[in-house]
Structure formats: structure tokens, C-alpha cells
Amino acid sequence: MSIDIATEIDLNNELILDGEAAATLFLEARTANSWSDEEISDETLQAIYALTKMGPTAFNSQPLRITWVRSTEARERLVEHMMDGNKAKTLTAPMVAVLSFSKEWHALMPTTAPHMAEMMMPMFEANVESRTAAGNNNAHMQAGYFILAARAAGLAVGPMTGFNPAGVDTVFNADNSHQSFMVVNLGKPAGTSTHERLTRLDFDLATATV
Ligand SMILES: Cc1cc2nc3c(=O)[nH]c(=O)nc-3n(C[C@H](O)[C@H](O)[C@H](O)COP(=O)(O)O)c2cc1C
């Protein structure tokens, strides 16, 4: 399948992905706000994580932690801490993922980065500010990989930051050192998006060559 979406450049000449993959991951994928009732299997969730975890992070830190919110009871507790406009779609999505970052991600460095653990672990243990910033930043990168991984598994996503993280943490992160930063609805969308895609910034506006 070739790509017939007009962009500033003919993507068919530049990409090694086939057109269907480019459409599924980027060009035709839309943020979803309403859902079919098709369920998502545990195997699909494992496939999404199998792709997500391969995306690069600084120090191979992998600070992302995911809570899959399947039960009605857990969703109701979640939406208590969400903006009103985000509640209905979160209650009806086939699956909801609460994305958090570990504030103690450095403790796994002997596994994730054994070649630098001896030097870097004490530094991150002592410097909470730098550890938290690295955890937050790298988990946000992993959230991007997560969104594309879900699309690769044939799902649409509805990422949201319109919620109160401290409130969500009282529900899902009370017994750990994780901090929530994004909630992502997942599923097959009900119909197509109701509004035109918003303008994306042109190459010349968003980039500079020096
Ligand atoms: C990090 C992030 C946070 C978002 N938060 C919300 C939200 O709280 N509520 C909402 O309705 N949409 C939210 N969105 C959806 C965006 O507005 C939407 O993805 C964007 O406009 C692109 O839409 P498109 O994929 O249909 O082109 C969020 C998206 C991202 C990536």
C-alpha cells in the first residue's frame, strides 16, 4: 500500500515502513473518545508492553510502570480524580492504563545497567531531584512508545493528563513509590473521529538546521 496523504515530502520515497504501517502508527491514527465494546485480551496487553519496553531510555532506566484498570470498581475509583470531560470515555473504554513513573527506578540499575550501577546508583540515591526528573522524563518517552505500540496492536488510544495525579496515586500507588502522570484509554474506536485533525506544525516552523 502506498502513502497518498499529502505531506511536505513524498513519504513513499523516504520511509522503509510500508504504507499500511505508516498509516496505522502515524498518518491515519486518531485519538479516540468513544469505543466499541470489543474486549482486549491479556495477550494483547503483553504484546503492547513487549514493544513498549524496547524503546530507548537514558541509562536504560525504564521508569514506566503501568496499572491496567479493567474492573468497573477500579474505574469508578479512577474517574473520581479525573476532569469531568474525561470521565465517560474512561468508564466505557475496553481498557484503561494508568501510566506512572517509579521514583526509585535507580534501584534496578544492577539489572538494567550493570556496567554503570556501581558509579551511578549512589549518585541517584543522593540526588532525589535529578532522579525524579530522569524518571519523569524517561517515563514520558516510554508513554510515547506505549501509544505507538498500542496502535501497532490494532488499537486506538485516548491519552489524558486531565486528572489529579495526587488523587489517582491515593487509589493506585498508595503502597509503592510510583507517581502517575498519564491515563490512556485503549480499544477499538466506535466510528471515526468527529472533528477534523488539528493543524500539525510545518517542518520550517518546528525545526532549524544550523
Ligand atoms: C499527553 C496527552 C494528554 C492529553 N490529555 C487529554 C485530556 O485530558 N482530555 C482529552 O479529551 N484529550 C486529551 N488529549 C488528546 C489530544 O488533544 C489529542 O491527542 C490531540 O489533539 C491529537 O488528536 P488526533 O490524534 O486526533 O490528531 C491528550 C493527548 C496527549 C498526548
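A polar contact is a pair of N or O atoms within 3.5 Å. The legends below use the term in this sense for a predicted model.

**Figure 1. Overall fold of the predicted protein model.** The protein has nine helices and four strands. In sequence order, these elements follow the pattern α-α-β-α-α-β-α-α-α-β-α-β-α. Taken along the principal axes, the C-alpha atoms fill a box of roughly 50 × 50 × 35 Å.

**Figure 2. Surroundings of the ligand.** The residues around the ligand are Arg 30, Thr 31, Asn 86, Lys 89, Pro 159, Met 160, Thr 161, Gly 162, Met 182, Arg 197 and Arg 200. Arg 30 places a polar side-chain atom 2.6 Å from an oxygen atom of the ligand. Arg 197 has an N or O atom in its side chain 2.7 Å from an oxygen atom of the ligand. At Thr 161, a polar backbone atom lies 3.1 Å from a nitrogen atom of the ligand.

**Figure 3. Met 83 in the loop between H3 and H4.** Leaving aside residues up to four places away in sequence, Met 83 touches Gly 162 and Phe 163. Gly 162 is also among the residues that surround the ligand. Met 83 and Ser 102 are separated by 19 residues in sequence, and their C-alpha atoms are 24 Å apart in space.

**Figure 4. Packing of helix H3 with helix H4.** Helix H3 spans residues 72-79 and helix H4 spans residues 84-92. Their axes come within 10 Å and cross at roughly 170°. H3 and H4 are therefore roughly antiparallel to each other, since angles over 145 degrees fall in that class. On the H3 side the contact is made by Arg 75, Glu 76, Leu 78 and Val 79, which meet Lys 87, Thr 90, Leu 91 and Thr 92 in H4. By class, three residues of the contact of H3 with H4 are nonpolar, two are polar and three are charged.

**Figure 5. Packing of helix H6 with helix H7.** The axis of helix H6 (residues 114-126) comes within 5 Å of the axis of H7, and the two cross at roughly 105°. H6 and H7 are therefore roughly perpendicular to each other, as the range for that class is 65 to 115 degrees. Met 123, Phe 124, Glu 125 and Ala 126 in H6 are in contact with Val 128, Ser 130 and Arg 131 in H7. The contact of H6 with H7 comprises four nonpolar, one polar and two charged residues.

**Figure 6. Packing of helix H1 with helix H7.** Helix H1 covers residues 19-27 and helix H7 covers residues 128-152. The two axes come within 9 Å and cross at roughly 135°. H1 is therefore oblique to H7. The crossing of H1 and H7 is right-handed. From H1, Thr 24, Leu 25 and Phe 26 meet Leu 148, Arg 151 and Ala 152 of H7. Four nonpolar residues, one polar residue and one charged residue make up the contact of H1 with H7.

Methods
Residues numbered from 1 in each chain as written. Predicted model: local features only at pLDDT ≥ 70, side-chain atom pairs only at ≥ 80, totals over all residues. Heavy atoms only, no water. Axes fitted to C-alpha atoms, helices over the stretch in contact; angles between N-to-C directions. Parallel < 35°, antiparallel > 145°, perpendicular 65-115°, else oblique. Left-handed = near helix turned anticlockwise from the far one by under 90°. Contact = heavy atoms within 4.5 Å. Nonpolar A, V, L, I, M, F, W, Y, C, P; charged D, E, K, R; others polar. Near = heavy atom within 4 Å. Polar contact = N/O pair within 3.5 Å; in protein donor to acceptor, adjacent residues only side chain to side chain.
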